[in-house]
Amino acid sequence: MKHFEANFDGLVGPTHNYAGLSFGNVASLSNAALTSNPKAAAKQGLQKAKALADLGMVQGVLAPQERPDLYTLRRIGFSGSDAEVLQKAAQQAPALLNACCSASSMWTANAATVSPSADTRDGKVHFTPANLVDKLHRSIEPITTGNILKATFNNDRHFRHHQHLPEHTSFGDEGAANHTRLCSEYGHAGVELFVYGQEATNPSAVKPIKYPARQTLEASQAVARLHQLDDESCVFMQQNPDVIDQGVFHNDVISVGNQNVLFYHEQAFLNTDAKFDEIRRKMNTEMHFVKVATSQVSIDDAVRSYLFNTQIITLPSGEMAIIAPTNCQENPAVFAYLNELVTLGTPIKQVRYYDVKQSMQNGGGPACLRLRVAMNEQEVAAVNQNTLMNDALFTRLNAWVDKHYRDQLTVSDLADPQLIIESRTALDELTQILKLGSVYQFQR
Ligand SMILES: NCCC[C@H](NC(=O)CCC(=O)O)C(=O)O
């Protein structure tokens with residue numbers, strides 16, 4: 001049977017804005033209060049997704065979430081009409097209003113952790129939405145994320161959906177951004193590499209000092225248990241706390257894997273040699289560990305350019321390509337490195353650049369924008385086919401964005417009650433385009 005790795009990109013929501021909500025994420029903080037362009041952001045995302053579909057990849061889209069999140073604002077005591085709730089929150093608690101307006105669900109690498117059927121004991125594809133408890137604005141995502149995943153992967157024979165982990169910092173879970181699946185072929189059993197930032201229940205274990213470690217070992221182990229993975233197919237590895245303190249808030253800012261390739265910065269992990277030996281032992285195929293030294297690319301350049309927040313994809317020809325943000329072309333050290341990389345005899349033979357600057361300014365590169373789901377052809381056929389990218393869907397979604405999205409949004413615009421109507425109208429139409437049913441609270 002044929003097997004693929006599909007990418008499901010998050011559609012950028014109508015409230016995409018720069019509110020500086022993510023302490024520890026350098027881009028989010030340094031671009032706080034910039035004026036955003038939701039229309040351009042959504043179109044940049046669609047362009048990248050379409051480009052991958054045109055390269056012959058299986059490509060899908062995941063719907064964004066409803067924002068402003070009036071349910072959370074009501075839950076914390078703001079009352080009255082929708083417009084009054086927004087107005088009171090803007091006056092009394094602007095930071096809470098901002099948290100309830102973020103379009104952060106666009107970064108679907110944080111939507112969930114996914115284990116393909118080849119790895120799981122029951123032979124199903126398992127999904128666990130990330131609880132994202134470290135950030136208020138993201139902690140309100142998992143329930144709707146679960147609804148959207150169930151409406152997209154809507155077949156019980158092939159797909160198993162779990163509840164997100166308990167909402168406590170002991171179980172801080174950031175989803176696929178801290179999870180990489182290594183394998184020989186996508187349809188063969190692989191090794192799932194879980195990278196965590198701290199051990200919550202071990203006070204003597206090392207952890208970052210300045211910035212939060214969002215993913216815990218306890219969360220990674222819980223996901224591995226839920227997904228019915230064998231010990232022999234899991235590796236748990238700690239992220240280097242020093243790089244978290246330099247702005248590497250997720251592991252996918254410092255390493256990325258595909259099949260038997262792990263592309264990483266030499267400072268990415270703790271106990272690198274021993275852990276790589278464990279990966280080699282558990283893999284049934286030769287691994288390519290492609291190391292980038294600090295002398296080639298500094299941590300600062302890696303964080304600015306998002307060299308490792310690239311996608312490594314296997315093209316239908318069998319060659320691997322890197323999907324990079326144009327920011328990598330603009331950074332001289334990184335551009336020089338990438339030009340050299342394709343000549344080094346690793347499986348990576350091409351680099352393709354895409355402009356996703358609207359997302360980058362909030363700390364989300366090409367890899368943040370996609371959730372990977374390795375599937376065989378039966379499983380691909382069981383996916384909600386209306387979510388799969390093709391010429392018709394691309395045209396339809398661009399027209400939908402043109403109709404509903406603003407081309408400028410500032411943080412002060414978030415109190416505009418018109419935004420509620422615009423967002424709901426857009427999302428209601430989107431659920432019809434993607435045939436998702438009623439995934440949003442306002443539809444229930
Ligand atoms: N995987 C990339 C995630 C980026 C995301 N940024 C944000 O939420 C920034 C939102 C703002 O600051 O307006 C985060 O840090 O979780």
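**Labels and their grounds**

Analyst: Q259 is found in the loop between strand 9 and strand 10, where helices (H or I, at least four residues) and strands (E, at least two) are DSSP runs, numbered from the N terminus. This is a predicted model, in which local features need pLDDT of at least 70 and side-chain atom pairs count only at pLDDT 80 or more, while totals for chains, interfaces and linings use all residues. Residues are numbered from 1 along each chain as its sequence is written.

User: Why is Q259 called buried?

Analyst: A residue is buried if 20 or more other C-beta atoms, placed from the backbone, lie within 10 Å of its own, exposed if 12 or fewer, and partly exposed in between. Q259 has 23 other C-beta atoms within 10 Å and therefore counts as buried. Its phi is near 45 degrees, a positive value in a residue other than glycine.

User: What makes N271 exposed?

Analyst: N271 has 12 other C-beta atoms within 10 Å, so it is classed as exposed. N271 lies in the loop between strand 10 and helix 10 (272–282), and its phi, near 50 degrees, is likewise positive in a residue other than glycine.

User: How do you know that strand 9 and strand 10 pair, and in which sense do they run?

Analyst: Two strands pair if DSSP finds at least two bridges between them; four bridges join strand 9 to strand 10 (residues 261–265), and the two run antiparallel. Within this pair, G257 stands opposite L262 in strand 10. The open sheet to which they belong has three strands in the order 9-10-11, with mixed pairing. Its edge strands are strand 9 (255–258) and strand 11 (288–292), each of which pairs on one side only, and neighbouring strands are turned by 10 degrees against each other on average, direction ignored.

User: Why are strand 2 and strand 15 described as standing at the edges of their sheet?

Analyst: The sheet in question is an open one of three strands in the order 2-1-15, with mixed pairing. Strand 2 and strand 15 (370–376) each have a single partner strand, so one side of each is left without a neighbour in the sheet. Neighbouring strands here are turned by 30 degrees against each other on average, direction ignored. Strand 1 (residues 3–10) pairs with strand 2 in the parallel sense over four bridges, with G10 opposite L62 in strand 2, whereas seven bridges join strand 1 to strand 15 in an antiparallel run, where F8 stands opposite L371. From strand 2, Q59 and V61 point one way and G60 and L62 the other, and all are buried.

User: What makes helix 7 largely enclosed by the rest of the structure?

Analyst: Nine of the eleven residues of helix 7 (residues 142–152) are buried, so the helix is largely enclosed by the rest of the structure. Among the buried residues are P142, T145, N147, I148 and L149. What covers them includes strand 2 (59–62), strand 3 (112–115), strand 4 (125–129) and strand 5 (159–161).

User: Why are helix 2 and helix 16 called roughly antiparallel?

Analyst: Angles under 35 degrees count as roughly parallel, over 145 as roughly antiparallel, 65 to 115 as roughly perpendicular and the rest as oblique. The axes of helix 2 (residues 38–54) and helix 16 (residues 391–404) come within 10 Å and cross at roughly 175 degrees, and the two helices are therefore roughly antiparallel to each other. In the contact (C-beta atoms, placed from the backbone, within 7 Å), K39, A42, K43, L46 and K50 in helix 2 meet F394, L397, N398 and V401 in helix 16. By class, this contact has five nonpolar, one polar and three charged residues.

Note on methods. Two residues are in contact if their C-beta atoms, placed from the backbone, lie within 7 Å. Axes are lines fitted to C-alpha atoms, for helices over the stretch in contact, and angles run from 0 to 180 degrees between N-to-C directions. Ala, Val, Leu, Ile, Met, Phe, Trp, Tyr, Cys and Pro count as nonpolar, Asp, Glu, Lys and Arg as charged, and the others, Gly among them, as polar.
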